[in-house]
Amino acid sequence: FDRPGVPSSNFGCSGDNAVLTFDDQAAQTADQLENLCGASAPALSGSFQPIGALAAANGKSSLGAWQLLVRDNFADDGGVLTAWSLTFCFA
């Protein structure tokens, strides 16, 4: 997702914090996430379907180097990623 809160605001969500889970089986879609912007922290929370299906990784090895890319495209404010994780489920 790019800027939750847009188009309501050209600057996106002004609230702090996002606590999000991405799950192929989630009831809410990534499109719905784009329209959310809570008044209190966390401004964004819940479970959402990812833009690309996570099932594409089914049957693949979890070994290797994992990389998360996060970008703050608005230079006039700060942003910090304090934690992130991946959870692997094995049958």
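Let's start with one side chain. Leu86 has a relative accessibility of 42%, so this residue counts as partly exposed. The cut-offs: buried is under 20% relative accessible area, exposed is over 50%, and partly exposed is in between, with a 1.4 Å probe and protein chains only. Leu86 sits in the segment after β2, and β2 covers 44–48.

Now, the ground rules. This is a predicted model, with residues numbered from 1 along each chain as its sequence is written. Local features need pLDDT of at least 70, side-chain atom pairs count only at pLDDT 80 or more, totals for chains, interfaces and linings use all residues, and side-chain values use heavy atoms, with hydrogens and water left out.

Confidence next. pLDDT is the predictor's confidence in each residue, from 0 to 100. The protein has a mean of 80, and 84% of its residues reach 70 or more. Where pLDDT is low, the predicted coordinates should not be read in detail.

The fold. There are one helix and two strands. The order from the N terminus is β-α-β. Those are DSSP runs, numbered from the N terminus: helices are H or I with at least four residues, strands are E with at least two. The protein has 91 residues, and 13% of them count as buried.

Areas are Shrake-Rupley with a 1.4 Å probe; for residues, only the protein chains shown count as cover. The protein exposes about 7500 Å², with 52% from carbon and sulfur atoms.

Thr21 is 65 residues from Leu86 in sequence, yet 9.9 Å away, C-alpha to C-alpha. Thr21 lies in strand β1, residues 18–22. Its relative accessible area is 41%, so Thr21 is partly exposed. Leaving out residues up to four places away in sequence, Thr21 touches Gly46, Ser47 and Phe48. Contact means heavy atoms within 4.5 Å.

Last, the loop between α1 and β2. Pro42 is there. Ala41 and Pro42 are joined by a cis peptide bond, omega about -5°. Most peptide bonds are trans. Cys37 is found in this loop too. Cys37 and Cys13 are 24 residues apart along the chain, with C-alpha atoms 5.4 Å apart.
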